[in-house]
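Dear colleague,

Please find below the structure I am handing over to you, together with its sequence.

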Amino acid sequence: MKTVIRTFFRTLRVVLGPVMLLKERLTQPTGMVREPAAQARVDQQCQSLALYQFSTCPFCIKVRQEMRRLSLPIEKRDAQHHTANRDALLQATGATQVPCLQITEADGQTRWLKDSAAIVAYLRERFA
């Protein structure tokens, strides 16, 4: 029975994954336009951020759409297909829950935001 359930969900993922990615591509928001100097400062600040994500996770899509809306060049790390990224996420947070935003503070401390709503709120507060 367990094998049947796993097979069902894998098949569902294979079928719905491309549909979700197509929807994401077709509904991309237009990015915020900033003056070049302001965008350069934002780009510099984004170097201390990394988003651990799965490509077809609906919550990750929500965060990526907000990143596009705010014109944020945040590094995206695939925790689904890249073992090193998944292991780093697991070691740092104790789980492989995505989306997860890694925030490296100026003093070198690292914070992790695990909830898509919390990540979107953080990005809006910091960059909007």
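In this predicted model, helices α1 and α3 cross with a right-handed sense. Helix α1 spans residues 2–26 and helix α3 residues 58–69; their axes come within 11 Å and cross at roughly 15°. Angles under 35 degrees count as roughly parallel, and α1 and α3 are therefore roughly parallel to each other.

The contact itself involves Met-20, Leu-21 and Glu-24 on the α1 side, which meet Pro-58, Ile-61, Arg-64, Gln-65 and Arg-68 of α3. Sorted by class, four residues in this contact of α1 with α3 are nonpolar, one is polar and three are charged.

Turning to the strands, there is an open sheet of four, in the order β2-β1-β3-β4 and with mixed pairing. Its edges are formed by β2 (75–78) and β4 (110–113), each of which pairs on one side only. On average, neighbouring strands of this sheet are turned by 25° against each other, direction ignored.

Within the sheet, strand β1 (residues 49–53) and strand β3 (residues 100–104) run antiparallel and are joined by four bridges. Ala-50 stands opposite Gln-102 in β3.

Helix α3, already described in its contact with α1, lies across β1 and β2 and runs at about 150° to β1. Helix α5 (residues 116–127) lies across β1, β3 and β4, with a direction at about 40° to β3.

Yours sincerely

Technical notes:
Residues numbered from 1 in each chain as written. Predicted model: local features only at pLDDT ≥ 70, side-chain atom pairs only at ≥ 80, totals over all residues. Heavy atoms only, no water. Axes fitted to C-alpha atoms, helices over the stretch in contact; angles between N-to-C directions. Helix = DSSP H or I, 4+ residues; strand = E, 2+ residues; numbered from the N terminus. Parallel < 35°, antiparallel > 145°, perpendicular 65-115°, else oblique. Left-handed = near helix turned anticlockwise from the far one by under 90°. Contact = heavy atoms within 4.5 Å. Nonpolar A, V, L, I, M, F, W, Y, C, P; charged D, E, K, R; others polar. Pairing = 2+ DSSP bridges.
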